[in-house]
Amino acid sequence: MKQIQLITLLFFFLLLSGCVEREILDEIILMEGIGFDYVEGGDITGTILYPDYKKETEPENVTYSATGEIMKTILQDIERQAARPIAFGSLEIVIFDLELAKKRGILDLIDAFQRDPAIGSGIYLAISENKAKELFKGEYGLRGNARFISMLIDHNIRHEDLPKTNLQRFMGDFYQQGKTPYLPLIKQNSKTKIELSGVALLKYGKIVDVVSNEQSFFFKLLADKYSNGLHRVEVDGKEAAVQSIISTNRFELTSRDPLHITVHIKIGGTINEFTGNKLTDSFIKKIEKKFEKEIQKHCTQLIKRFQEKEIDPIGFGHFVKSKTRNFDFNQWWDSEYSQMEVTIKPVVTIDEEGIIE
Amino acid sequence: MKRKKQSVQSIKTVFTKSQDYKRICYENKITKLTFTLTFLTTVTDEKIVRDHILPFLLENEWTKLEDVKSILPIEDLQLTDDTSQIEKKLLNGFVMLTLEKEQQYCFISAKKENIRNITVPEVEFSVIGPKEAFVESLSENLNLIRKRLQVKELIVEQLEVGTLSKTNIVLLYLDGITNEANINTMRQRIKDLEVDHIADSSYIVQMISDNQNSPFPQFLDTERPDRVAATLSEGKVVLLVDGSPHAIIGPVTIVEFFSAFEDYFLNWILASFFRLIRFFAVAFSVLVTPIYVATLTYHYELIPQDLIGILVTSRRAVPFPPIIEALFLELTIELLREAGARLPTKVGQTIGIVGGIVIGTASVEAGLTSNVLLIFVALAALASFTTPVYRIGNTIRLLRFPFLLVGDIWGLIGISLCFSFLLTHMIRLTSLGRPYLEPIYPPRLQDFKDAFIRLPFYKQSKRPNQLRTKKASRFDRKNVIKKVKKDIDE
């Protein structure tokens, strides 16, 4: 009896094996990047990018484009041009063109990505100032364009001023009513060069504002827990480059009526470069004070700007909600957010100023 | 009486057909007594007959068989009237002395023994430690063990198996330490054996295994007398088979197959490290090609981006799906191993080179296999050689193939399914009725002291829980831990 059970079990297992789709690595197109461009009349041009691996040389960047109304029709058109099935699993980067983000919004396009189980939530979304089709046609480096762009973003998150972002965070920010999402902004300089040109702030899938590179250090202090950026401070005509090693931010609800929030920012840093002669302790104190002042000024400016444009990439709404019973979002966005007062209290400590005394 | 006569007669008629059967009549020089010596020239030492038996029988004065005992310088002398013994004794190398008038038979031991010299262990060679290995002679092997365990508690029980081979089997255990149930089970299993011929201890190992349909060896066989002595003192049961240079040890657990005896000669930190490497190597050896096949066929998402380029370019020219490619290479390696094992050493080496270098690189260049897989398969083969016990190495060789097939059919789900089947099988296995997967299942925390890692000797004061020995403690731990010095030069 037991044996009969086992045999039937194995039999059905074998039958079931037909249900799994085989995707043999070298017999599929490993799409690494996909980009969407705005076309006059409301349609979208989708471009997929995949690396065609060559022995002992850099992979060749191959792109296929098609125009359609929703993503699936675009992909269907692209499949008609391809010799092998297109697989989504190694997707690294999704690019939206700036015009699309301004005029049509990107939300309905992102939806497909969060539904596909093959796509990881760690992929990067970015907005490009150029057309995605053109961006993908460049030649940026060693491992193919998609890898290059995703490495560029990854590197800037880890070592520079770009606050953490990926599909997971974007969706989290989007579904969180007390927060609005942000995405990195990319610009193509030439056929072989691209650069990060700022942080795009979105609301309901449409771009509302852009934080410039100069201010993104301060934006990261507010929006992200850990900052590793570099900032120049000028004191008495001498310039010092302060590298932040450690930074934490803590929000404090100082009063409810009127609504007042204090943001404590702590930075531990080192001085990487100094144009003066001697760095005395008193001078370091001065640099610290100056740096604190600058943080205060820029951060307050940023928050004022966000309040005016009715976006909240820092997540004050979420913070206040977590402290308030029966929180009402409608009321928050209608009046409370724009009237909210924010005080920045930065503390900068410079721990090191170089090894040679 | 008549029937006895007949049976003696029938023995004689059967034996006379053999060319080595000798029956010679002599006459004593003093008493003129005629006596007959019967023996088989092939199993008796003619030198003993010529130098130690005949001269004494011819020149001394004796009339009865009883007298022989006092004149012969041979200790093993038996007087009997039991005719059923004749056949056995003659075949065992005894010389039968008979007198016309007496109904008794006198058996004089004159065994011819060809003993190979004791050599260095070949299968379980170790750089450090004793270099003695068992030989084919039972008495010699017993001597090697007795030398190492000089206590009266070491019991040597004799058993016999095989209607044709009449193989002597010796059951060894330490009285007062080894669990009675283990001894009884082992003895009963040997006694219950119904077989005509035993060629080697490997026959016994297979026949007395708890589950004979399992690819896993359920008894450890070793050629090292030091290992046998060590396991005996742990409380295990040991079998020695006459004519076989391997002792059988039981009950054992799976982890013992991955522990080389050399582990005990090395410092415990080093030994533990090497043991862990071995476990890792085995897991790698079994799973690496199945995982390769599964990921390349179904789960390309799992491959790190930087690796994809390498994999794709190496597989681009290969016309087969990953499973065919993997089977081709795995079978090639197995072929090489079989060919190398069957051929004489000198030719075997050339086969290894031809196979390893020529077939490997040629098949990559011809585009039959990818070079990434070639590396994996070669590493897996290398890793499977790290097992210190030959038997488990063979098991590992085999285990790879079902994994490979399910990896192709159901991907990683199939591999984990196959693994759970394997685990279920291993949990159900027993060795002499004791759990095979101990100390993992059932969990015995105490026995982890000598499983995946080997803790220092002062921690090994207890005998393994699994053996349920009569005396759990090996030595008093308190005496081992010495007074701590207050300063380094005190």
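This is a predicted model: local features need pLDDT of at least 70, side-chain atom pairs count only at pLDDT 80 or more; totals for chains, interfaces and linings use all residues.
1. Which residues line the largest cavity? From chain A come Leu25(A), Asp26(A), Ile28(A), Ile29(A), Leu30(A), Tyr50(A), Pro51(A), Asp52(A), Tyr53(A) and Arg84(A), while chain B contributes Val312(B) and Arg316(B). Sorted by type, the lining has eight nonpolar residues, no polar ones and four charged ones.

2. The largest pocket has a volume of about 1,000 Å³. Its lining counts 31 residues, and those nearest the centre are Asn92(B), Lys111(B), Lys166(B), Asn168(B) and Asp242(B). Four elements of chain B give two or more residues each: α4 (84–91), α5 (138–148), β6 (154–161) and β7 (167–174). The largest share, four residues, comes from α4(B). By type, the lining of the largest pocket splits into eight nonpolar, 13 polar and 10 charged residues.

3. Why does the largest pocket lie between two domains of chain B? Both domain 1 (2–109) and domain 2 (138–252) give residues to its lining, so the pocket lies between them. The domain assignment of chain B also gives a domain 3 (267–435). Taken over C-alpha atoms, the centres of domain 1 and domain 3 of chain B are 62 Å apart.

4. Of its 21 lining residues, Leu6(A), Phe421(B), Thr424(B), His425(B) and Arg428(B) lie nearest the centre. Two or more residues come from each of α1 (2–16) of chain A and α14 (390–428) of chain B. Helix α14(B) gives the most, with 13 residues. Here the lining divides into 14 nonpolar, five polar and two charged residues.

5. The unreviewed entry lists residues 276–298, 372–390 and 402–427 of chain B as "transmembrane region". Over residues 402–427 of chain B, the chain is 100% helix and 0% strand, with the end C-alpha atoms 19 Å apart. Over residues 372–390 of chain B, the figures are 74% helix and 0% strand, and the end C-alpha atoms are 28 Å apart.

6. For chain A, an unreviewed UniProt entry places the feature "domain: Spore germination protein N-terminal" at residues 22–187. In the model, that stretch of chain A is 33% helix and 27% strand, and its end C-alpha atoms are 38 Å apart.

7. Finally, look at the packing inside chain A. The largest nonpolar core has 66 residues, and those with the most contacts inside it are Phe219(A), Ile287(A), Ile295(A), Phe316(A) and Trp332(A). Helix α9 (residues 281–309) of chain A provides the largest share of this core, nine residues. Domain 1 (26–211) and domain 2 (219–352) of chain A each give at least three residues to this core.

Terms used. Residues are numbered from 1 along each chain as its sequence is written. Chains are lettered from A and ligands numbered from 1 in the order in which they are written. Side-chain values use heavy atoms; hydrogens and water are left out. On a 1 Å grid over the protein atoms alone, a cavity is a set of points where a 1.4 Å probe fits but cannot get out, and a pocket is an open set with protein on both sides within 12 Å along at least five of seven lines; lining residues have an atom within 4 Å of a point. Grid points are joined across faces, edges and corners, and a volume is the space filled by probe spheres set on the points. Ala, Val, Leu, Ile, Met, Phe, Trp, Tyr, Cys and Pro count as nonpolar, Asp, Glu, Lys and Arg as charged, and the others, Gly among them, as polar. Domain bounds come from an automatic or database domain assignment. UniProt positions are given in the numbering used here, feature names are shortened, and annotations may be inferred rather than shown by experiment. A nonpolar core is a set of buried Ala, Val, Leu, Ile, Met, Phe, Trp, Tyr and Cys residues joined through side-chain atoms within 4.5 Å. Buried means under 20% relative accessible area, exposed over 50%, partly exposed in between (1.4 Å probe, protein chains only).
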